[in-house]
There are 2 protein chains.
Amino acid sequence: MLPELLVIKIGGNVMDHAQVLDGLLRELATLRQPFILVHGGGKAATRIGERLGIAARMVDGRRITDRETLELVTMVYGGLLNRTLVAQMQARGINAIGLTGADANCLPAHKRQHPDIDYGFVGDLAVEHLKPEPFTQLLNVGLTPVLCALTHDGAGNLLNTNADTIASGVAICLSQVYRVRLLYCFDKPGVLLDVEDLTSLVEELSPGDYDRLRAEGRIFAGMLPKLENAFRTLEQGVEEVVLFQPADFLAVAFRTGRNFTRIRL
Amino acid sequence: MLPELLVIKIGGNVMDHAQVLDGLLRELATLRQPFILVHGGGKAATRIGERLGIAARMVDGRRITDRETLELVTMVYGGLLNRTLVAQMQARGINAIGLTGADANCLPAHKRQHPDIDYGFVGDLAVEHLKPEPFTQLLNVGLTPVLCALTHDGAGNLLNTNADTIASGVAICLSQVYRVRLLYCFDKPGVLLDVEDLTSLVEELSPGDYDRLRAEGRIFAGMLPKLENAFRTLEQGVEEVVLFQPADFLAVAFRTGRNFTRIRL
């Protein structure tokens, strides 16, 4: 049987709250299985962009990344957040190594082409070129990769890439050599049938459950892309996808408790 | 015989000039021996600091690093410069990986203590804890470490550290397992007895030459700390230290030509 690997995605709900982050890092230090951490940017890029006079330009919920914005996210995601996170992990005894997709060529990507919108330096993972080796070589010597939301085009340009997509791409790729569990740290305990009612949590979600609940209009529209993405990830070899809140991390990691949503085929 | 390793330090004279940097990267791609690149910050930190309203505060030629300045250099050295450099190296076919001292715990350091001056987040390498393994593990799988001027204290803090010192510390440490040549890319061809006269270049400098030239007052005072440091590095096992200009890199690397200063015991 293949060894287990966790791919853990954390976003603004963790990165923007020092105490939550610290609690999570303390728990990560207790893990016995190898893992890869993927982090988003939270509000730091917008805050520092404002100080630099670089306004966020959004089209359809996507940040347009001109050259100045690329420099901003390279500084914030690849510098301030990633480097500081690694230093904090080292302080907790986790031998972390912080990466953009250019490091070890671990996340090759294509600049996004769109008939009408110029997204600038936005990249989509080149899944056909994504390989386990850059990660396994680090994992095999006891290092914990920490990925930020930057990929590269192989022609010298870093590219801004959605961290959720990176997490699922890496999870799929590594399922060739590990049993991979993909854990999305979330601002809710998981899929709620009523967002006002925490007891409406769906603890297990199969494709059949999903189709039925969606047909009944019982899943919040904002969740649909996340869940579609989760099922696509599972179809490509990932063992399970979990949506959870930071406080429940150990229960998820050690498969105890039920206060989160497990998605499986 | 141990294999050869080059430790190459580049500073503002390369980092601030895109064409010079590109030429050097193209030449680095032709190397057959493994190498480690160490880069300084050039003018980028000051330029971006000005835009953020963070003024550089210098005492005795050292930047005082308060928390805000630490965030600035983490963004600029560890983010913008290091990450972009790695992407450009990948485009040249060099499988680079960009590191601060926190990554893989490769550069442990102590916060500088001084009786009168609070340097803030400035670190001195903890040479007693510096080990070859974080570097050899990467080199052994064909990766090229690219180090910026940041170390860490093991308690969660990154520290601002002189890049020349990092280069010599890493060179000494790795001389346990490699024949190390430490190459400082410089704004002059090397040691000039007359700074106005390029034909006054000293091509070879031994401790005897150095003592004699210094006693005769023929070495520019600004060069003395650099040369003292070079001899200390050689006494700790590094095979040679070379001062050279970017245009002469291949001649240095392949030991052809003589338009640079070789310092040996």
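Start with the outward side of α8(B): the face turned away from its buried side carries the exposed residues Leu224(B), Pro225(B), Glu228(B) and Glu235(B). Here "exposed" means that 12 or fewer other C-beta atoms, placed from the backbone, lie within 10 Å of a residue's own, "buried" means 20 or more, and "partly exposed" is anything in between. Keep in mind that this is a predicted model, in which local features need pLDDT of at least 70, side-chain atom pairs count only at pLDDT 80 or more, and totals for chains, interfaces and linings use all residues. Residues are numbered from 1 along each chain as its sequence is written, while chains are lettered from A and ligands numbered from 1 in the order in which they are written.

The buried residues of α8(B) are Leu227(B), Ala230(B), Thr233(B) and Leu234(B). Looking down the axis of α8(B), these buried residues fall within an arc of 120° (taken from the directions from the helix axis to the C-beta atoms), so they line one face of the helix. Among the elements covering them are α6 (163–174) and β11 (179–185) of chain B. Just past the end of α8(B), Gly237(B) takes a positive phi of about 110°.

Next, the meeting of the chains. 34 residues of chain A are in contact (C-beta atoms, placed from the backbone, within 7 Å) with 34 residues of chain B. On chain A's side, α4(A) gives the largest share, 14 residues.

Conventions. Contact = placed C-beta atoms within 7 Å. Helix = DSSP H or I, 4+ residues; strand = E, 2+ residues; numbered from the N terminus.
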